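User: Can you walk me through a few local details of this one? Keep it brisk.
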Amino acid sequence: MAPRDTDHPPVTRAMRATRGHAAEQAGIDRRRFLAAASGTFGALLLAACNSEGPKSAQSLLEFAEAKNETVERALLRHTSMDVPRASAKIAGQHFPAYYVSDSVPIWDESTRGLWRLKVDGMVKRPLELSLADLASLPRIGYRLDHFCVEGWTAVATRTGVRLADIAKLAGAQPGAQYVDFASFDDDYHESWDIDSAMHPQTLVVYAQDGHYLNPSWGAPARIYSPVKLGYKNTKYLTRISFLPARNGGYWSDRGYEWYGGV
Amino acid sequence: MKRHHAVVRITHWVNVVALTIMVGSGLRIFNAYPAFARKGGTFCCYPFAGRAIPANLTFGGWLAGARNWHFAMMWVLVANGLVYLAFIYLHGEWRDLVPRRGVFHDSWQMVRFYVTARKDHPRQGKHNALQRMAYFSMPLVGILAVITGLAIWKPVELSPLTNLLGGYVWARYWHFLAMVLLVVLTIGHIFMVFTVDPYSIPSMITGRYREDLSPEARNARPLVHLLPSSATKAPDGSARH
Ligand code: HEM
(Lines give C-alpha, C1' and ligand atoms only; values in the text may rest on other atoms or scores of the structure.)
Protein backbone atom coordinates (compact mmCIF):
# COMPACT_ATOMS: atom_id res chain seq x y z
CA MET A 1 0.00 0.00 0.00
CA ALA A 2 1.40 3.37 -0.95
CA PRO A 3 1.87 5.86 1.85
CA ARG A 4 -0.77 8.53 1.72
CA ASP A 5 0.76 11.02 4.10
CA THR A 6 4.14 12.06 2.90
CA ASP A 7 4.53 14.48 5.78
CA HIS A 8 4.13 11.77 8.37
CA PRO A 9 7.34 10.86 10.19
CA PRO A 10 8.60 7.48 9.10
CA VAL A 11 8.59 4.62 11.53
CA THR A 12 12.22 4.13 12.44
CA ARG A 13 14.07 0.85 12.30
CA ALA A 14 14.82 1.18 16.01
CA MET A 15 11.15 1.47 16.87
CA ARG A 16 10.22 -1.55 14.79
CA ALA A 17 12.97 -3.58 16.42
CA THR A 18 11.46 -3.15 19.87
CA ARG A 19 7.99 -4.37 19.08
CA GLY A 20 8.47 -7.87 20.34
CA HIS A 21 9.32 -6.76 23.86
CA ALA A 22 6.61 -4.29 24.51
CA ALA A 23 3.74 -6.72 24.95
CA GLU A 24 5.56 -8.98 27.39
CA GLN A 25 6.68 -6.07 29.48
CA ALA A 26 3.22 -4.64 29.41
CA GLY A 27 1.49 -7.59 31.13
CA ILE A 28 1.01 -6.46 34.74
CA ASP A 29 0.83 -2.73 34.18
CA ARG A 30 -1.61 -3.06 31.40
CA ARG A 31 -3.95 -5.06 33.58
CA ARG A 32 -3.58 -2.62 36.45
CA PHE A 33 -4.13 0.27 34.14
CA LEU A 34 -7.27 -1.21 32.61
CA ALA A 35 -8.61 -2.23 36.01
CA ALA A 36 -8.11 1.25 37.39
CA ALA A 37 -9.67 2.86 34.37
CA SER A 38 -12.72 0.63 34.27
CA GLY A 39 -13.09 0.91 38.05
CA THR A 40 -13.24 4.68 37.84
CA PHE A 41 -15.76 4.54 35.03
CA GLY A 42 -17.87 1.99 36.86
CA ALA A 43 -17.95 4.07 40.03
CA LEU A 44 -18.97 7.18 38.11
CA LEU A 45 -21.72 5.29 36.32
CA LEU A 46 -23.08 3.70 39.49
CA ALA A 47 -23.19 7.07 41.20
CA ALA A 48 -25.24 8.54 38.39
CA CYS A 49 -27.43 5.59 37.43
CA ASN A 50 -31.14 5.68 37.87
CA SER A 51 -30.90 8.88 39.92
CA GLU A 52 -32.68 12.15 39.37
CA GLY A 53 -29.30 13.87 39.20
CA PRO A 54 -27.88 16.48 41.55
CA LYS A 55 -30.41 18.69 43.36
CA SER A 56 -28.34 21.73 42.42
CA ALA A 57 -29.21 21.10 38.77
CA GLN A 58 -32.90 21.67 39.47
CA SER A 59 -32.78 25.41 38.86
CA LEU A 60 -30.99 24.82 35.56
CA LEU A 61 -33.66 22.35 34.50
CA GLU A 62 -36.36 24.88 35.38
CA PHE A 63 -34.53 27.52 33.37
CA ALA A 64 -34.41 25.15 30.39
CA GLU A 65 -38.12 24.37 30.78
CA ALA A 66 -38.95 28.09 30.67
CA LYS A 67 -36.84 28.53 27.52
CA ASN A 68 -38.42 25.47 25.95
CA GLU A 69 -41.85 26.95 26.62
CA THR A 70 -40.81 30.08 24.70
CA VAL A 71 -39.69 27.92 21.77
CA GLU A 72 -42.86 25.83 21.88
CA ARG A 73 -45.11 28.89 21.98
CA ALA A 74 -43.24 30.31 18.99
CA LEU A 75 -43.75 27.06 17.06
CA LEU A 76 -47.50 26.89 17.71
CA ARG A 77 -49.58 27.61 14.60
CA HIS A 78 -53.35 27.53 14.36
CA THR A 79 -52.81 26.34 10.81
CA SER A 80 -50.73 23.29 11.69
CA MET A 81 -53.19 20.46 11.99
CA ASP A 82 -52.81 16.93 13.21
CA VAL A 83 -53.58 14.44 10.44
CA PRO A 84 -53.03 10.80 11.49
CA ARG A 85 -51.39 8.47 8.98
CA ALA A 86 -53.90 7.01 6.56
CA SER A 87 -52.70 3.55 7.55
CA ALA A 88 -53.21 4.13 11.29
CA LYS A 89 -56.11 2.09 12.68
CA ILE A 90 -58.57 3.50 15.19
CA ALA A 91 -57.51 2.19 18.62
CA GLY A 92 -61.10 1.50 19.65
CA GLN A 93 -61.28 -0.75 22.71
CA HIS A 94 -57.46 -0.62 22.92
CA PHE A 95 -57.63 3.06 23.77
CA PRO A 96 -56.22 3.26 27.33
CA ALA A 97 -58.46 4.31 30.22
CA TYR A 98 -56.86 6.66 32.68
CA TYR A 99 -57.90 8.64 35.76
CA VAL A 100 -56.36 9.58 39.11
CA SER A 101 -59.26 8.55 41.38
CA ASP A 102 -59.27 5.09 42.95
CA SER A 103 -62.01 3.91 40.62
CA VAL A 104 -63.55 5.10 37.36
CA PRO A 105 -65.04 8.52 38.09
CA ILE A 106 -68.78 8.45 37.35
CA TRP A 107 -71.04 11.48 37.65
CA ASP A 108 -73.75 10.42 40.11
CA GLU A 109 -76.87 12.46 39.35
CA SER A 110 -78.67 11.30 42.51
CA THR A 111 -76.14 13.03 44.73
CA ARG A 112 -74.70 15.75 42.46
CA GLY A 113 -77.71 16.68 40.33
CA LEU A 114 -77.54 17.10 36.60
CA TRP A 115 -74.05 17.45 35.12
CA ARG A 116 -73.29 20.95 33.89
CA LEU A 117 -70.17 22.38 32.29
CA LYS A 118 -69.40 25.75 33.89
CA VAL A 119 -67.65 28.38 31.78
CA ASP A 120 -66.47 31.25 33.95
CA GLY A 121 -63.62 33.57 34.86
CA MET A 122 -62.83 36.47 32.54
CA VAL A 123 -65.98 36.14 30.42
CA LYS A 124 -68.81 38.53 29.76
CA ARG A 125 -71.47 35.80 29.96
CA PRO A 126 -70.68 32.91 32.32
CA LEU A 127 -72.30 29.71 31.06
CA GLU A 128 -73.67 26.48 32.49
CA LEU A 129 -73.97 24.00 29.64
CA SER A 130 -75.82 20.71 29.81
CA LEU A 131 -74.82 17.82 27.57
CA ALA A 132 -77.83 18.67 25.38
CA ASP A 133 -76.63 22.29 25.17
CA LEU A 134 -73.23 21.09 24.03
CA ALA A 135 -74.76 18.76 21.48
CA SER A 136 -76.78 21.66 20.02
CA LEU A 137 -73.69 23.81 19.44
CA PRO A 138 -71.85 23.61 16.09
CA ARG A 139 -70.54 20.07 15.97
CA ILE A 140 -67.07 19.24 14.70
CA GLY A 141 -65.39 15.87 14.36
CA TYR A 142 -61.81 14.92 13.65
CA ARG A 143 -59.86 11.71 13.39
CA LEU A 144 -56.95 12.56 15.69
CA ASP A 145 -53.73 11.22 17.13
CA HIS A 146 -53.39 11.13 20.88
CA PHE A 147 -49.80 11.77 22.00
CA CYS A 148 -49.14 10.41 25.46
CA VAL A 149 -46.22 11.72 27.48
CA GLU A 150 -45.17 8.08 27.90
CA GLY A 151 -44.43 7.77 24.19
CA TRP A 152 -47.42 5.84 22.89
CA THR A 153 -49.95 7.14 20.42
CA ALA A 154 -53.50 6.10 19.65
CA VAL A 155 -55.95 7.23 17.02
CA ALA A 156 -59.59 8.04 17.77
CA THR A 157 -62.30 10.13 16.22
CA ARG A 158 -63.30 12.95 18.51
CA THR A 159 -66.59 14.77 18.23
CA GLY A 160 -67.54 17.90 20.10
CA VAL A 161 -67.49 21.68 20.06
CA ARG A 162 -64.55 23.92 19.30
CA LEU A 163 -63.39 25.59 22.49
CA ALA A 164 -62.96 28.76 20.40
CA ASP A 165 -66.74 28.67 19.73
CA ILE A 166 -67.51 28.33 23.42
CA ALA A 167 -65.10 31.18 24.21
CA LYS A 168 -67.00 33.35 21.71
CA LEU A 169 -70.34 32.33 23.17
CA ALA A 170 -69.20 33.24 26.67
CA GLY A 171 -67.48 36.41 25.51
CA ALA A 172 -63.99 35.62 26.75
CA GLN A 173 -62.06 38.83 27.38
CA PRO A 174 -58.71 39.73 25.77
CA GLY A 175 -56.97 39.69 29.15
CA ALA A 176 -57.74 35.99 29.53
CA GLN A 177 -54.35 34.61 28.51
CA TYR A 178 -54.83 31.26 30.23
CA VAL A 179 -57.56 28.66 30.56
CA ASP A 180 -57.97 26.15 33.36
CA PHE A 181 -59.78 22.85 32.81
CA ALA A 182 -61.14 21.31 36.05
CA SER A 183 -62.76 17.91 36.58
CA PHE A 184 -64.62 15.69 39.02
CA ASP A 185 -61.73 13.20 38.92
CA ASP A 186 -60.46 14.16 42.39
CA ASP A 187 -58.57 17.44 42.11
CA TYR A 188 -57.42 16.83 38.53
CA HIS A 189 -57.09 19.97 36.47
CA GLU A 190 -54.63 21.46 33.99
CA SER A 191 -54.23 25.04 32.82
CA TRP A 192 -53.20 26.05 29.29
CA ASP A 193 -52.00 29.06 27.34
CA ILE A 194 -54.87 30.70 25.42
CA ASP A 195 -53.23 30.14 22.01
CA SER A 196 -53.27 26.36 22.39
CA ALA A 197 -56.82 26.52 23.76
CA MET A 198 -58.02 28.45 20.69
CA HIS A 199 -56.43 26.02 18.20
CA PRO A 200 -59.15 24.80 15.80
CA GLN A 201 -58.52 21.19 16.84
CA THR A 202 -59.02 21.97 20.54
CA LEU A 203 -62.43 20.52 21.29
CA VAL A 204 -64.81 19.99 24.17
CA VAL A 205 -65.36 16.35 23.25
CA TYR A 206 -68.52 14.41 24.16
CA ALA A 207 -68.20 11.52 21.70
CA GLN A 208 -65.38 9.20 20.71
CA ASP A 209 -65.44 6.85 17.73
CA GLY A 210 -69.06 7.83 17.08
CA HIS A 211 -70.50 7.14 20.54
CA TYR A 212 -71.07 9.31 23.56
CA LEU A 213 -68.04 9.02 25.83
CA ASN A 214 -68.03 6.08 28.19
CA PRO A 215 -66.84 6.63 31.77
CA SER A 216 -63.34 5.26 31.21
CA TRP A 217 -62.78 7.78 28.41
CA GLY A 218 -63.88 10.80 30.42
CA ALA A 219 -67.73 10.95 30.26
CA PRO A 220 -69.70 13.10 29.99
CA ALA A 221 -67.21 15.51 28.37
CA ARG A 222 -63.50 16.17 28.21
CA ILE A 223 -61.11 18.59 26.61
CA TYR A 224 -59.06 17.21 23.75
CA SER A 225 -56.42 18.73 21.49
CA PRO A 226 -53.59 17.10 19.56
CA VAL A 227 -51.42 20.15 20.26
CA LYS A 228 -51.14 19.09 23.92
CA LEU A 229 -49.78 15.91 25.47
CA GLY A 230 -52.40 13.56 26.91
CA TYR A 231 -52.04 14.66 30.52
CA LYS A 232 -52.90 18.28 29.65
CA ASN A 233 -56.27 17.13 28.28
CA THR A 234 -58.55 17.05 31.34
CA LYS A 235 -61.26 14.36 31.29
CA TYR A 236 -64.45 14.31 33.38
CA LEU A 237 -64.68 18.03 32.68
CA THR A 238 -66.76 20.26 34.98
CA ARG A 239 -65.39 23.73 34.55
CA ILE A 240 -63.55 25.89 32.03
CA SER A 241 -62.13 29.07 33.58
CA PHE A 242 -60.62 31.90 31.56
CA LEU A 243 -57.83 33.36 33.69
CA PRO A 244 -55.29 36.20 33.60
CA ALA A 245 -52.52 33.92 34.90
CA ARG A 246 -51.59 30.27 34.70
CA ASN A 247 -52.96 27.94 37.32
CA GLY A 248 -50.57 24.97 37.24
CA GLY A 249 -52.11 21.55 36.97
CA TYR A 250 -52.25 18.07 38.45
CA TRP A 251 -49.20 16.69 36.63
CA SER A 252 -47.59 20.08 35.99
CA ASP A 253 -47.40 20.60 39.76
CA ARG A 254 -45.80 17.16 40.10
CA GLY A 255 -42.80 17.85 37.86
CA TYR A 256 -44.12 17.40 34.31
CA GLU A 257 -43.74 20.31 31.91
CA TRP A 258 -46.52 22.83 32.35
CA TYR A 259 -46.67 23.63 28.63
CA GLY A 260 -46.65 20.03 27.39
CA GLY A 261 -47.03 21.02 23.73
CA VAL A 262 -46.99 18.74 20.72
CA MET B 1 2.04 21.46 18.08
CA LYS B 2 -0.90 20.26 20.07
CA ARG B 3 -2.57 17.19 18.65
CA HIS B 4 -6.05 18.55 19.39
CA HIS B 5 -7.01 22.23 19.55
CA ALA B 6 -8.53 23.43 22.82
CA VAL B 7 -11.91 23.88 21.13
CA VAL B 8 -11.89 20.23 20.04
CA ARG B 9 -10.80 19.06 23.49
CA ILE B 10 -13.47 21.03 25.33
CA THR B 11 -16.30 20.16 22.95
CA HIS B 12 -15.25 16.50 23.07
CA TRP B 13 -15.67 16.25 26.83
CA VAL B 14 -18.79 18.40 26.95
CA ASN B 15 -20.18 16.01 24.36
CA VAL B 16 -19.31 12.99 26.50
CA VAL B 17 -21.28 14.42 29.43
CA ALA B 18 -24.20 15.67 27.31
CA LEU B 19 -24.50 12.49 25.28
CA THR B 20 -24.31 10.25 28.34
CA ILE B 21 -27.14 12.19 29.96
CA MET B 22 -29.13 12.20 26.71
CA VAL B 23 -28.81 8.43 26.31
CA GLY B 24 -29.54 7.69 29.98
CA SER B 25 -32.56 9.97 30.20
CA GLY B 26 -33.74 8.85 26.76
CA LEU B 27 -33.73 5.23 27.93
CA ARG B 28 -35.72 6.23 31.03
CA ILE B 29 -38.29 7.95 28.81
CA PHE B 30 -38.36 4.89 26.58
CA ASN B 31 -39.13 2.69 29.60
CA ALA B 32 -42.46 4.47 30.09
CA TYR B 33 -43.56 2.66 26.92
CA PRO B 34 -40.81 0.27 25.78
CA ALA B 35 -42.51 -0.54 22.50
CA PHE B 36 -43.31 1.17 19.22
CA ALA B 37 -46.75 -0.01 18.14
CA ARG B 38 -49.64 2.41 18.08
CA LYS B 39 -52.37 1.36 20.54
CA GLY B 40 -54.50 -1.22 18.77
CA GLY B 41 -51.83 -1.67 16.10
CA THR B 42 -48.68 -3.69 15.53
CA PHE B 43 -45.08 -2.80 14.77
CA CYS B 44 -42.97 -4.91 12.46
CA CYS B 45 -39.48 -4.24 13.59
CA TYR B 46 -38.80 -4.27 17.30
CA PRO B 47 -38.52 -7.77 18.81
CA PHE B 48 -38.09 -6.61 22.43
CA ALA B 49 -41.44 -4.83 22.82
CA GLY B 50 -42.60 -4.61 26.42
CA ARG B 51 -39.18 -5.29 27.92
CA ALA B 52 -37.83 -2.33 29.88
CA ILE B 53 -34.20 -1.23 29.75
CA PRO B 54 -32.48 -2.10 33.09
CA ALA B 55 -33.00 0.86 35.43
CA ASN B 56 -29.26 1.03 36.14
CA LEU B 57 -28.62 2.06 32.57
CA THR B 58 -31.08 4.93 32.83
CA PHE B 59 -30.93 8.42 34.23
CA GLY B 60 -33.53 10.84 35.54
CA GLY B 61 -35.19 8.64 38.17
CA TRP B 62 -38.71 8.91 36.78
CA LEU B 63 -40.42 9.92 33.57
CA ALA B 64 -40.75 13.64 34.28
CA GLY B 65 -37.24 13.85 35.70
CA ALA B 66 -35.81 12.14 32.63
CA ARG B 67 -37.82 14.35 30.26
CA ASN B 68 -36.65 17.50 32.01
CA TRP B 69 -33.02 16.38 31.70
CA HIS B 70 -33.48 15.27 28.09
CA PHE B 71 -35.09 18.54 26.97
CA ALA B 72 -32.50 20.64 28.81
CA MET B 73 -29.44 18.70 27.70
CA MET B 74 -30.53 18.61 24.06
CA TRP B 75 -29.63 22.29 23.74
CA VAL B 76 -26.18 21.67 25.20
CA LEU B 77 -25.67 18.78 22.78
CA VAL B 78 -26.78 20.83 19.77
CA ALA B 79 -24.89 24.01 20.69
CA ASN B 80 -21.74 22.03 21.50
CA GLY B 81 -22.02 20.05 18.27
CA LEU B 82 -22.42 23.23 16.23
CA VAL B 83 -19.37 24.81 17.87
CA TYR B 84 -17.34 21.66 17.13
CA LEU B 85 -18.45 21.38 13.50
CA ALA B 86 -18.06 25.10 12.81
CA PHE B 87 -14.60 25.02 14.35
CA ILE B 88 -13.24 22.02 12.47
CA TYR B 89 -14.69 23.45 9.27
CA LEU B 90 -13.15 26.92 9.70
CA HIS B 91 -9.88 25.74 11.22
CA GLY B 92 -9.22 22.91 8.78
CA GLU B 93 -9.36 19.91 11.13
CA TRP B 94 -12.10 18.42 8.99
CA ARG B 95 -9.34 17.30 6.61
CA ASP B 96 -8.20 14.74 9.19
CA LEU B 97 -11.73 13.41 9.60
CA VAL B 98 -13.38 13.30 6.19
CA PRO B 99 -12.88 9.92 4.51
CA ARG B 100 -10.41 10.17 1.65
CA ARG B 101 -10.35 8.35 -1.64
CA GLY B 102 -9.59 4.74 -0.94
CA VAL B 103 -10.91 4.84 2.62
CA PHE B 104 -12.56 1.43 2.22
CA HIS B 105 -9.36 -0.08 0.90
CA ASP B 106 -7.40 1.54 3.73
CA SER B 107 -9.96 0.38 6.31
CA TRP B 108 -9.68 -3.14 4.98
CA GLN B 109 -5.91 -2.94 5.43
CA MET B 110 -6.45 -1.80 9.04
CA VAL B 111 -8.78 -4.74 9.64
CA ARG B 112 -6.27 -7.12 8.10
CA PHE B 113 -3.58 -5.67 10.34
CA TYR B 114 -5.76 -6.00 13.45
CA VAL B 115 -6.50 -9.65 12.71
CA THR B 116 -2.76 -10.19 12.02
CA ALA B 117 -3.34 -11.01 8.35
CA ARG B 118 -0.93 -8.15 7.75
CA LYS B 119 2.28 -7.55 9.67
CA ASP B 120 2.94 -3.82 9.45
CA HIS B 121 0.70 -1.05 10.64
CA PRO B 122 -0.59 0.74 7.53
CA ARG B 123 0.79 4.22 7.10
CA GLN B 124 -1.58 6.86 8.38
CA GLY B 125 -1.81 10.55 9.12
CA LYS B 126 -3.39 11.78 12.32
CA HIS B 127 -6.03 9.05 12.28
CA ASN B 128 -6.22 5.67 10.59
CA ALA B 129 -8.91 4.90 8.04
CA LEU B 130 -11.19 3.16 10.55
CA GLN B 131 -10.95 6.16 12.88
CA ARG B 132 -11.78 8.49 10.02
CA MET B 133 -14.90 6.54 9.22
CA ALA B 134 -15.94 6.41 12.88
CA TYR B 135 -15.21 10.07 13.61
CA PHE B 136 -16.92 11.14 10.41
CA SER B 137 -20.06 9.11 11.03
CA MET B 138 -20.46 10.19 14.67
CA PRO B 139 -21.54 13.77 13.85
CA LEU B 140 -23.73 12.43 11.03
CA VAL B 141 -25.54 10.01 13.32
CA GLY B 142 -25.70 12.78 15.93
CA ILE B 143 -27.44 15.05 13.42
CA LEU B 144 -29.82 12.19 12.62
CA ALA B 145 -30.59 11.81 16.32
CA VAL B 146 -31.32 15.53 16.62
CA ILE B 147 -33.58 15.64 13.54
CA THR B 148 -35.55 12.55 14.53
CA GLY B 149 -35.75 13.94 18.06
CA LEU B 150 -37.31 17.17 16.80
CA ALA B 151 -39.79 15.11 14.79
CA ILE B 152 -41.08 13.28 17.88
CA TRP B 153 -40.92 16.34 20.12
CA LYS B 154 -43.26 18.33 17.84
CA PRO B 155 -45.12 15.84 15.62
CA VAL B 156 -47.94 18.36 15.07
CA GLU B 157 -46.12 21.68 14.83
CA LEU B 158 -43.34 20.12 12.73
CA SER B 159 -45.58 17.58 11.00
CA PRO B 160 -43.89 17.96 7.57
CA LEU B 161 -40.67 16.71 9.15
CA THR B 162 -42.41 13.94 11.10
CA ASN B 163 -44.29 12.82 7.99
CA LEU B 164 -41.07 12.77 5.99
CA LEU B 165 -39.72 10.26 8.48
CA GLY B 166 -42.80 8.06 8.12
CA GLY B 167 -44.91 9.53 10.94
CA TYR B 168 -44.50 9.64 14.70
CA VAL B 169 -44.12 5.90 15.28
CA TRP B 170 -41.38 5.51 12.68
CA ALA B 171 -39.66 8.76 13.66
CA ARG B 172 -39.52 7.45 17.23
CA TYR B 173 -38.00 4.23 15.90
CA TRP B 174 -35.36 6.09 13.85
CA HIS B 175 -34.54 8.15 16.94
CA PHE B 176 -34.04 4.95 18.91
CA LEU B 177 -31.86 3.42 16.17
CA ALA B 178 -29.72 6.57 15.93
CA MET B 179 -29.14 6.24 19.68
CA VAL B 180 -28.19 2.57 19.34
CA LEU B 181 -25.78 3.41 16.52
CA LEU B 182 -24.16 6.19 18.55
CA VAL B 183 -23.78 3.88 21.54
CA VAL B 184 -22.20 1.16 19.40
CA LEU B 185 -19.80 3.64 17.78
CA THR B 186 -18.93 5.07 21.18
CA ILE B 187 -18.28 1.68 22.79
CA GLY B 188 -16.02 0.74 19.88
CA HIS B 189 -14.30 4.12 20.13
CA ILE B 190 -13.66 3.86 23.88
CA PHE B 191 -12.47 0.26 23.52
CA MET B 192 -9.99 1.22 20.80
CA VAL B 193 -8.75 4.27 22.72
CA PHE B 194 -7.95 2.17 25.77
CA THR B 195 -6.59 -0.90 24.01
CA VAL B 196 -4.76 0.63 21.06
CA ASP B 197 -3.81 4.21 21.82
CA PRO B 198 -4.26 5.20 25.47
CA TYR B 199 -1.52 7.79 24.85
CA SER B 200 -4.06 9.79 22.92
CA ILE B 201 -6.06 10.35 26.12
CA PRO B 202 -3.70 13.09 27.37
CA SER B 203 -3.86 14.51 23.87
CA MET B 204 -7.59 14.98 24.32
CA ILE B 205 -6.99 16.66 27.72
CA THR B 206 -3.84 18.78 27.48
CA GLY B 207 -3.31 18.44 23.74
CA ARG B 208 0.15 16.92 24.12
CA TYR B 209 0.94 13.73 22.23
CA ARG B 210 4.09 11.72 21.80
CA GLU B 211 4.35 10.66 18.18
CA ASP B 212 6.96 8.08 19.17
CA LEU B 213 4.20 6.28 21.08
CA SER B 214 1.65 6.40 18.27
CA PRO B 215 -0.01 3.11 17.32
CA GLU B 216 1.89 3.19 14.07
CA ALA B 217 5.21 3.58 15.88
CA ARG B 218 4.37 0.75 18.28
CA ASN B 219 2.80 -1.40 15.55
CA ALA B 220 -0.08 -1.68 18.03
CA ARG B 221 -3.10 -3.90 17.66
CA PRO B 222 -5.81 -3.95 20.33
CA LEU B 223 -4.00 -4.93 23.57
CA VAL B 224 -0.82 -5.79 21.63
CA HIS B 225 2.26 -3.57 22.07
CA LEU B 226 0.21 -1.45 24.39
CA LEU B 227 3.10 -0.20 26.53
CA PRO B 228 6.29 1.23 25.04
CA SER B 229 9.46 -0.70 25.65
CA SER B 230 12.34 1.30 27.08
CA ALA B 231 14.19 0.93 23.78
CA THR B 232 11.45 2.89 22.04
CA LYS B 233 12.87 5.94 23.69
CA ALA B 234 16.04 6.28 21.71
CA PRO B 235 18.98 7.42 23.90
CA ASP B 236 19.39 10.64 22.01
CA GLY B 237 15.68 11.24 21.95
CA SER B 238 15.66 11.16 18.17
CA ALA B 239 12.52 9.08 17.97
CA ARG B 240 10.51 11.77 19.72
CA HIS B 241 8.79 14.53 17.86
C1 HEM C 1 -15.43 8.25 28.07
C2 HEM C 1 -15.64 8.21 26.80
C3 HEM C 1 -14.63 8.69 25.78
C4 HEM C 1 -13.27 8.68 25.79
C5 HEM C 1 -12.35 8.20 26.89
C6 HEM C 1 -12.83 9.26 24.54
C7 HEM C 1 -11.52 9.46 24.18
C8 HEM C 1 -11.09 10.03 23.01
C9 HEM C 1 -9.74 10.28 22.66
C10 HEM C 1 -8.54 9.94 23.52
C11 HEM C 1 -9.72 10.83 21.43
C12 HEM C 1 -8.48 11.24 20.64
C13 HEM C 1 -8.12 10.16 19.70
C14 HEM C 1 -6.85 10.50 18.96
O15 HEM C 1 -6.30 11.57 19.23
O16 HEM C 1 -6.44 9.69 18.15
C17 HEM C 1 -11.05 10.97 20.98
C18 HEM C 1 -11.46 11.52 19.78
C19 HEM C 1 -12.77 11.62 19.36
N20 HEM C 1 -13.89 11.18 20.06
FE21 HEM C 1 -13.89 10.39 21.90
N22 HEM C 1 -13.92 9.57 23.79
C23 HEM C 1 -15.06 9.25 24.50
C24 HEM C 1 -16.37 9.40 24.11
C25 HEM C 1 -16.76 9.90 22.89
C26 HEM C 1 -18.13 10.06 22.47
C27 HEM C 1 -19.35 9.71 23.32
C28 HEM C 1 -18.10 10.56 21.21
C29 HEM C 1 -19.24 10.90 20.30
C30 HEM C 1 -20.26 10.15 20.09
C31 HEM C 1 -16.72 10.72 20.83
C32 HEM C 1 -16.30 11.20 19.61
C33 HEM C 1 -15.00 11.46 19.28
C34 HEM C 1 -14.58 12.06 18.03
C35 HEM C 1 -15.51 12.52 16.89
C36 HEM C 1 -13.18 12.18 18.09
C37 HEM C 1 -12.29 12.81 17.04
C38 HEM C 1 -12.10 14.22 17.44
C39 HEM C 1 -11.29 15.00 16.46
O40 HEM C 1 -10.16 14.59 16.16
O41 HEM C 1 -11.78 16.05 16.03
N42 HEM C 1 -15.94 10.32 21.87
N43 HEM C 1 -11.90 10.47 21.98
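Analyst: Below we take a serine first, then the cysteines.
Analyst: This is a predicted model: local features need pLDDT of at least 70, side-chain atom pairs count only at pLDDT 80 or more, and totals for chains, interfaces and linings use all residues. Residues are numbered from 1 along each chain as its sequence is written, chains are lettered from A and ligands numbered from 1 in the order written, and side-chain values use heavy atoms, without hydrogens and water.
User: Where is A:Ser241 found?
Analyst: In strand 10 of chain A, residues 237-243. Strands are DSSP runs (E, at least two residues), numbered from the N terminus.
User: Does A:Ser241 count as buried or exposed?
Analyst: Buried, because its relative accessibility is 8%. Buried means under 20% relative accessible area, exposed over 50%, partly exposed in between (1.4 Å probe, protein chains only).
User: Which side chains have a polar contact with that of A:Ser241?
Analyst: A:Asp120 at 2.8 Å and A:Arg239 at 3.4 Å. A polar contact is a pair of N or O atoms within 3.5 Å; within protein, one must be able to donate a hydrogen and the other to accept it, and residues adjacent in sequence count only if both atoms are side-chain atoms.
User: New topic. How many disulfides over all chains?
Analyst: One. B:Cys44 and B:Cys45 form it, with sulfur atoms 2.0 Å apart. The cut-off is a pair of cysteine sulfur atoms within 2.5 Å.
User: What is the handedness of that disulfide?
Analyst: Left-handed, because the torsion about the S-S bond is about -95°.
User: And how exposed is B:Cys44?
Analyst: B:Cys44 counts as exposed at 58%. B:Cys45 is partly exposed at 32%.

Notes: Helix = DSSP H or I, 4+ residues; strand = E, 2+ residues; numbered from the N terminus.
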